[in-house]
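User: Can you walk me through this one? I'd like to start with a helix and then look at charged pairs.

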Amino acid sequence: MMKIIKYPSANNWAELLMRPNIAQYDVSVTVREILQLVRLKGDRALYEYNIKYEKCELASLLVSHNEIETAGIQLSAHLKTAINTAYDNIYKFHTVQKKDIITVDTMPGVTCMRKQVAIQKVGLYVPGGSAPLFSTVLMLGVPAQIAGCQEIVLCTPPDSEGNIHPAILYCAQRCGISNIYKVGGAQAIAAMAYGTESIIKTDKIFGPGNMYVTLAKQQVLQDGIAIDMPAGPSEVLVIADATANPAFVAADLLSQAEHGPDSQVVLISDNEPIIEQVIAQIKEQLSALPRGSVAQKALQNSMAILVENMDTAMQMSNVYAPEHLILATSNAHAMAEQVTQAGSVFIGHYSPEAVGDYASGTNHTLPTHGYASAYSGVSVDSFVKNITFQHISREGLVNIGQVVMTMAEAEGLHAHANAVKVRLK
């Protein structure tokens with residue numbers, strides 16, 4: 001169960017709020033071997049890894065057109081309606097992120113422009129295994145679709161029968177994705193990073209995953225392949241005051257704890273009875289969860305912290321920089337104004353983090369492990385480059401030329417100065 005810590009000194013916050021220490025050396029060596037083998041053997045390595053890890057032997061890595069087309073038939077009308085509503089909300093929120101070209105005349109005759117241009121080839125990774133995250137297809141596929149990426153590759157692990165969960169395929173179809181491959185783990189990241197006979201080399205790789213996937217993304221980054229962000233296990237921090245509903249808070253903590261044994265959940269409150277009531281609720285709700293044993297392990301890495309007041313709670317949250325932050329307080333909107341470090345914020349008693357995970361419209365692919373202090377979650381911006389342009393007329397060069405020549409000569413770069421001088425003669 002969660003540790004309870006009372007009134008910690010600010011001097012101890014950094015140590016107190018450290019994420020669980022997970023040994024990575026052995027995994028890192030295995031991941032490097034997988035990357036090298038896929039780079040060397042291409043598709044053959046992917047087929048071999050499917051046999052080894054997924055226990056299935058495939059005739060083709062590519063999901064067939066028929067598999068995609070019939071996926072919807074295998075889903076209930078209720079689930080398809082839910083997926084379609086989520087798709088619409090995510091599309092609405094992300095489509096307004098697309099920006100028009102910016103044009104500014106900085107001087108007469110000197111025109112500067114900035115234009116969003118889609119990344120041409122992107123790779124999306126969608127976890128399968130114990131929890132096929134079809135919602136991640138929407139979170140990655142919708143902004144890629146809006147950005148206008150020309151080639152979108154999606155990799156996800158098959159089950160032991162060689163099939164992909166139909167909800168993953170249905171969501172991919174909604175996002176206009178047809179290049180779907182039955183490959184998971186670090187080997188999928190390798191395939192999208194380096195290319196194989198079947199899978200094209202992509203320019204940037206997106207998506208969450210286990211430690212193998214996370215380390216594979218970090219290692220291909222060292223090889224010059226762009227990734228969405230550094231990430232680790234999922235996490236949530238809840239700030240709760242005396243007005244919080246203990247059952248709501250417990251449910252929010254457990255919703256993240258069930259992601260995996262390496263997840264971390266944190267409760268901060270200035271009210272000791274609330275902490276006690278939340279922990280009692282966690283024990284009650286835990287027994288009814290199918291993934292209760294997973295959540296129980298995550299709770300061993302987690303903590304409830306009693307602080308003097310809500311100002312201290314917010315300061316501590318900004319030090320932690322949580323992936324998800326829930327403000328279960330009476331003045332949640334005012335507190336939200338004080339947030340400087342968080343991936344995504346949920347304001348008030350009726351804003352569970354689970355809504356953002358699926359259907360409110362915001363993106364659930366977020367920085368974890370403290371990276372929210374410097375990184376943003378996935379958005380349309382993640383799938384575009386911003387290219388600047390400038391046009392200088394003859395008049396413009398006369399106006400700005402002396403400025404450039406003076407600065408270039410002061411830096412000792414006379415060829416730069418001459419590039420202007422020859423035009424002005």
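Predicted model: local features only at pLDDT ≥ 70, side-chain atom pairs only at ≥ 80, totals over all residues.

Analyst: Let's begin with helix 7. The buried residues of helix 7 pack against helix 4 (65-71), helix 5 (77-95) and helix 6 (134-147). They also pack against strand 5 (151-156) and strand 6 (179-182).

User: Which residues in helix 7 are buried?

Analyst: They are P166, A167, I168, L169, Y170, C171 and A172. That is 7 of the 9 residues of the helix, which spans residues 166-174, so helix 7 is largely enclosed by the rest of the structure.

User: What follows helix 7?

Analyst: G176 does. Its phi is positive, near 75°.

User: OK, new topic. How many salt bridges are there?

Analyst: The count comes to 9. One of them joins K6 and E272, with the closest N and O atoms 2.7 Å apart. This pair links distant parts of the chain: K6 is in strand 1 (residues 3-6), E272 is in helix 11 (residues 272-286), and 266 residues separate them.

User: How exposed are K6 and E272?

Analyst: K6 is partly exposed, with a relative accessible area of 48%. E272 is partly exposed too, at 29%.

User: Is E235 buried or exposed? And R19, buried or exposed?

Analyst: E235 is buried, at 1% relative accessibility. R19 is at 15%, so R19 counts as buried as well, since the cut-off is under 20%.

User: And what about D223? Which residue is its salt-bridge partner?

Analyst: D223 pairs with R39, and the closest N and O atoms are 3.9 Å apart. D223 lies in the loop between helix 9 (211-222) and strand 8 (226-227), and R39 lies in helix 2, so this bridge ties together parts that are 184 residues apart in sequence.

User: Where do those two stand on exposure?

Analyst: D223 is partly exposed, with a relative accessible area of 34%. R39 counts as exposed, at 53% relative accessibility.

User: Which residues are linked with them in a network?

Analyst: R32 joins in. R32, R39 and D223 are linked in a network of salt bridges.

How values were computed: Residues numbered from 1 in each chain as written. Heavy atoms only, no water. Buried < 20%, exposed > 50% of the residue type's maximum accessible area, 1.4 Å probe, protein only. Helix = DSSP H or I, 4+ residues; strand = E, 2+ residues; numbered from the N terminus. Contact = heavy atoms within 4.5 Å. Salt bridge = Lys/Arg side-chain N within 4 Å of Asp/Glu carboxyl O.
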